[in-house]
Amino acid sequence: MNMTWRWYGEGNDDITLDHIRQIPGVMGIVWSLHDKVAGEEWDMAKIQEVADQITSKGFSTAVVESVNVHDDIKIGLPSRDKYIDIYIDTIKKLSKVGVKVICYNFMPIFDWTRTELYKELPDGSNALFYEKAAITDNPQEMVDRILQGSKNFTMPGWEPERLSKLDELFKAYENVTEEVLFDNLKYFLERIIPVCEEYDVKMAIHPDDPAWPIFGLPRIIRSRNHIRRFLDLVDSPYNGLTFCTGSLGSNPENDLPAMIREFHDRIHFAHIRNVKVFENGDFIEVSHRGQDGSVDVAEVVKAYHENGFIGYVRPDHGRHLWGEEKHCRPGYGLYDRALGIMYLLGVWDSLENEKNKGGK
Ligand code: DNO
């Protein structure tokens with residue numbers, strides 16, 4: 001298990017690399033060029049600049065989250081080839097600064113979706129919340145609510161310029177069914193995976209969050225069967241997963257430890273977090289500790305440990321603690337993610353100790 005931390009970059013995150021150095025066990029920074037919109041070229045000088053900042057503090061640059069996929073690729077428009085060429089160019093450039101894994105998603109229009117960013121929990125902290133009944137037929141309402149709550153930060157997948165053309169976007173996706181989306185993903189993968197093999201960069205698709213279709217848009221990375229189908233689209237180790245327990249865990253039918261046991265050799269990046277799912281299907285993000293939510297996080301870590309997992313891991317969203325919601329990015333505060341790391345490493349270390357004593 002190679003512990004990492006998602007950092008949004010200088011001037012774009014209230015957490016600094018010096019803060020992160022003080023969290024035990026963090027070896028790498030999960031980074032990106034966050035000012036790039038999907039389909040835009042990434043310049044080498046800027047890539048090198050951020051990579052240098054990261055390595056100068058002793059961290060690895062191995063994981064980029066995300067290089068976003070242009071809508072034309074997901075929709076399957078003729079212009080997709082141009083955007084795939086740009087994507088390939090970015091893969092090649094990133095390989096030059098030691099990138100080994102690229103996390104991306106193939107969700108139409110929206111990335112992660114919530115209805116509230118600061119829902120209060122019984123302990124007085126607050127966290128991202130999804131209320132099924134608040135998802136109306138009007139996606140604009142949800143977009144407005146999320147953008148208003150995001151302070152001055154632009155959030156990946158929630159670029160105001162792109163979402164200002166919501167009607168147009170929905171129209172463009174009109175004929176994109178689950179089948180069509182799978183075909184378009186296959187087309188994309190068939191072009192990029194040979195390059196990834198040559199440049200030794202593994203692709204790790206992020207599951208849909210939440211794990212069901214929203215606003216009539218298809219979502220195809222959300223269950224064991226969907227993931228099996230995805231992995232078969234291009235059967236190469238370079239076509240892999242970001243296994244996010246929070247996203248997949250929003251649907252209690254997903255048996256996460258069993259899925260990890262099945263897919264472990266194609267999981268290149270693990271996002272570990274907990275969600276509490278209510279009976280009506282609403283869910284809220286909670287601490288990483290298993291007892292606090294619906295995801296048995298210790299069992300998740302055990303499933304990775306059993307399989308000798310050597311991939312990258314990061315704690316994922318946490319609650320906003322001790323007033324930090326005034327300045328932190330929604331879901332990406334310092335404290336709960338640092339506590340999460342200690343929980344994950346605590347479970348991992350105790351399993352290692354057992355193993356070294358000759359136990360299982
Ligand atoms: C949410 C993240 C996602 C993820 C993208 C990958 O906080 O896990 O936004 O970065 O889906 O492209």
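**Helices, sheets and a ligand shell**

User: In which kind of crossing does H11 pass H12?

Analyst: H11 passes H12 in a right-handed crossing. Please keep in mind that this is a predicted model.

User: What angle do their axes make?

Analyst: The axes of helix H11 (residues 256-263) and H12 cross at roughly 15° and come within 9 Å. H11 and H12 are therefore roughly parallel to each other, because angles under 35 degrees count as roughly parallel.

User: Which residues meet there?

Analyst: On the H11 side they are Leu-256, Pro-257, Ile-260 and Arg-261. They meet Glu-299, Val-300, Ala-303 and Tyr-304 in H12. By class, this contact of H11 with H12 has 6 nonpolar and 2 charged residues, and no polar ones.

User: And H12 with H13, at what angle do they cross?

Analyst: Helix H12 (residues 297-306) and helix H13 (residues 335-356) cross at roughly 50°, and their axes come within 10 Å. That angle makes H12 oblique to H13. The crossing in which H12 passes H13 is right-handed.

User: Which side chains' residues are involved in that one?

Analyst: H12 contributes Val-297, Ala-298, Val-301, Lys-302 and His-305. Their partners in H13 are Tyr-343, Leu-344, Val-347, Trp-348 and Leu-351. The residues of this contact divide into 8 nonpolar, 1 polar and 1 charged.

User: What about H4 and H8, how do their axes lie?

Analyst: The axes of helix H4 (residues 80-95) and helix H8 (residues 178-199) come within 10 Å and cross at roughly 20°. H4 and H8 are therefore roughly parallel to each other. Here too one finds a right-handed crossing, with H4 passing H8.

User: Who meets whom between H4 and H8?

Analyst: From H4 come Ile-84, Tyr-87, Ile-88, Ile-91, Lys-92 and Ser-95. In H8 they meet Phe-188, Arg-191, Ile-192, Val-195, Cys-196 and Tyr-199. By class, the contact has 9 nonpolar, 1 polar and 2 charged residues.

User: Let us move to the strands. Which strands run around the closed barrel?

Analyst: The barrel is made of 8 strands in the order S1-S2-S3-S4-S7-S8-S9-S12, and the pairing is parallel. From one strand to the next, the twist averages 30°.

User: How many bridges join S4 to S7?

Analyst: There are 5 bridges between S4 and S7, which run parallel. Asn-105 stands opposite His-206 in S7.

User: What holds strands together in general?

Analyst: Strands of a sheet pair through backbone hydrogen bonds, and the pairing is either parallel or antiparallel.

User: How many bridges join S5 to S6?

Analyst: S5 is joined to strand S6 (residues 126-130) by 3 bridges, and the two run antiparallel. Lys-119 stands opposite Ala-127 in S6.

User: New topic: the ligand. How many residues surround the ligand, and which are the closest?

Analyst: The ligand is surrounded by 13 residues, of which the closest are Ser-66, Asn-105, Asp-111, Trp-112 and His-206. Asn-105 and His-206 are also the residues that stand opposite each other in the pairing of S4 with S7.

User: Which strand gives the largest share of that shell?

Analyst: Strand S4 (residues 101-105) does, with 3 residues. As a whole, the shell around the ligand divides into 4 nonpolar, 7 polar and 2 charged residues.

User: Where is Ser-66 found?

Analyst: Ser-66 is found in the loop between strand S3 (60-65) and helix H3 (71-75). A cis peptide bond joins Glu-65 and Ser-66, with omega about 5°.

User: What kind of peptide bond joins Asp-209 and Pro-210?

Analyst: That bond is cis, with omega about 0°. Pro-210 is found in the loop between strand S7 (202-206) and helix H9 (224-233).

User: And what is the phi of Ile-109?

Analyst: Phi of Ile-109 is near 60°, a positive value in a residue other than glycine. Ile-109 is found in the loop between S4 and S5.

Terms used
Residues numbered from 1 in each chain as written. Predicted model: local features only at pLDDT ≥ 70, side-chain atom pairs only at ≥ 80, totals over all residues. Near = placed C-beta within 6 Å. Helix = DSSP H or I, 4+ residues; strand = E, 2+ residues; numbered from the N terminus. Nonpolar A, V, L, I, M, F, W, Y, C, P; charged D, E, K, R; others polar. Axes fitted to C-alpha atoms, helices over the stretch in contact; angles between N-to-C directions. Parallel < 35°, antiparallel > 145°, perpendicular 65-115°, else oblique. Left-handed = near helix turned anticlockwise from the far one by under 90°. Contact = placed C-beta atoms within 7 Å. Pairing = 2+ DSSP bridges.
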